[in-house]
Amino acid sequence: MPVSVDPDLRARIVAAGIFAYRAADFHQVGPEEVAVHADITVEEFRLAYPVWELFIVAVVDRWNTATRQILRPIAEREGAVAYVRARLETGEGDPALVRLRIALLSAASNPGHAAAGWFRKQYARSFEDLTLTLARDVVMGREARGTAPRHGAEQLLALYEGLQLQSLLRDDVDLLGGYDRAVARMRVGWASGPVAQPTR
């Protein structure tokens, strides 16, 4: 019979994991480091999370859920462009999350990764949410009538990912300024309507 684990202990471990990732590089964080921050033994950690990837999923889910809850009103009031900008700004203030997320997305792109299915579903959900927000923006007049929400979401997500990666590798990146300049140009394209696909 499986051993029951106190949900409060799991929540405490996840909170300790977030603290551990903020305190050290993600490659340096393991069960021992998390156990120290949670003030428990490594055996207690492994009882709660026998599979490391499940612990990682719990950490990222807690982090992402908190960010979404805080920033979702921005999407409702100001639209998709403002929401993505706010996520960039949040990441700028919490670079540990950005490093962890990018590293995990790379690892989870391998179908054999234990958490690949979860990460792919979360990524797809984020994309669909952004698409729906852009569609609402068009209806409400926040974006031009010619805007194709799905294509716009692809561009915004690519800009978000690319600028975050550059911010980790370049010291001279103007993260929010670069975003604003790129969005201004993208909106010109959105207003012009769909681009015809090249014939082969």
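## An aromatic cluster

Ring pairs join Phe45, Tyr49, Trp52 and Phe55 into a cluster. The model is predicted, and its structure holds six aromatic pairs. A pair of aromatic rings is described by two things: the distance of the centres and the angle of the planes.

Take Phe45 and Trp52. Their ring centres are 5.8 Å apart and their planes stand at 50°, so this pair is tilted. Phe45 is buried, with a relative accessible area of 1%. Trp52 is partly exposed, at 26%. Now take Tyr49 and Phe55. Here the centres lie 5.6 Å apart and the planes are at 65°, so the pair counts as edge-to-face. Tyr49 is buried at 10% relative accessibility. Phe55 is buried too, at 0%.

## Charges over rings

The charged end of Arg10 sits over the ring of Tyr49, 5.7 Å from the ring centre. A second case involves Arg72. This residue lies over the face of Tyr83, at 5.8 Å from the ring centre.

## Salt bridges

How many salt bridges does the count come to? The count comes to 13. One of them joins Arg72 to Glu76, with the closest N and O atoms 3.7 Å apart. Both residues lie in helix α4, which covers residues 52–78. They are four residues apart, about one turn of the helix. Arg72 is partly exposed, with a relative accessible area of 27%. Glu76 is partly exposed as well, at 42%. Arg72 and Glu76 are also linked with Arg136 in a network of salt bridges.

Another salt bridge pairs Arg101 with Glu161, and the closest N and O atoms are 2.9 Å apart. Arg101 lies in helix α6 (residues 95–108) and Glu161 in helix α8 (residues 149–169), so the pair ties together parts that are 60 residues apart in sequence. Is this pair buried or exposed? Arg101 is buried, and so is Glu161. A further salt bridge brings together the side chains of Asp174 and Arg181, at 3.5 Å from N to O. Asp174 is partly exposed, at 42% relative accessibility. Arg181 is exposed, with a relative accessible area of 51%. The cut-off matters here: Arg181 counts as exposed because its area is over 50%.

## The largest cavity

Rolling a probe the size of a water molecule over the atoms shows where empty space is left. In this model, the count comes to three cavities of 30 Å³ or more. The largest cavity holds about 330 Å³ of space. It is lined by 19 residues, and the closest to its centre are Arg68, Arg87, Arg101, Gln122 and Ser126.

Which elements give two or more residues to this lining? They are α4, α5 (80–93), α6, α7 (116–140) and α8. The largest share, eight residues, comes from α7. By type, the lining of the largest cavity divides into eleven nonpolar, three polar and five charged residues.

## The second largest cavity

The second largest cavity has a volume of about 70 Å³. Its lining consists of Thr67, Arg87, Thr90, Gly91, Leu97, Val98, Arg101, Tyr160 and Gln164. The elements that give two or more residues to this lining are α5, α6 and α8. By type, the lining divides into three nonpolar, four polar and two charged residues.

Arg101 links several of these topics. This residue forms a salt bridge with Glu161. Arg101 is among the residues closest to the centre of the largest cavity. Arg101 also lines the second largest cavity.

How values were computed:
Residues numbered from 1 in each chain as written. Predicted model: local features only at pLDDT ≥ 70, side-chain atom pairs only at ≥ 80, totals over all residues. Heavy atoms only, no water. Salt bridge = Lys/Arg side-chain N within 4 Å of Asp/Glu carboxyl O. Buried < 20%, exposed > 50% of the residue type's maximum accessible area, 1.4 Å probe, protein only. 1 Å grid on protein atoms, 1.4 Å probe; cavity = no way out; pocket = protein on both sides within 12 Å on 5 of 7 lines; lining within 4 Å. Points joined across faces, edges and corners; volume = space filled by probe spheres on them. Nonpolar A, V, L, I, M, F, W, Y, C, P; charged D, E, K, R; others polar. Phe/Tyr/Trp six-rings, centres within 6.5 Å; stacked < 30°, edge-to-face > 60°. Lys NZ or Arg CZ within 6 Å of the ring centre and 35° of its normal.
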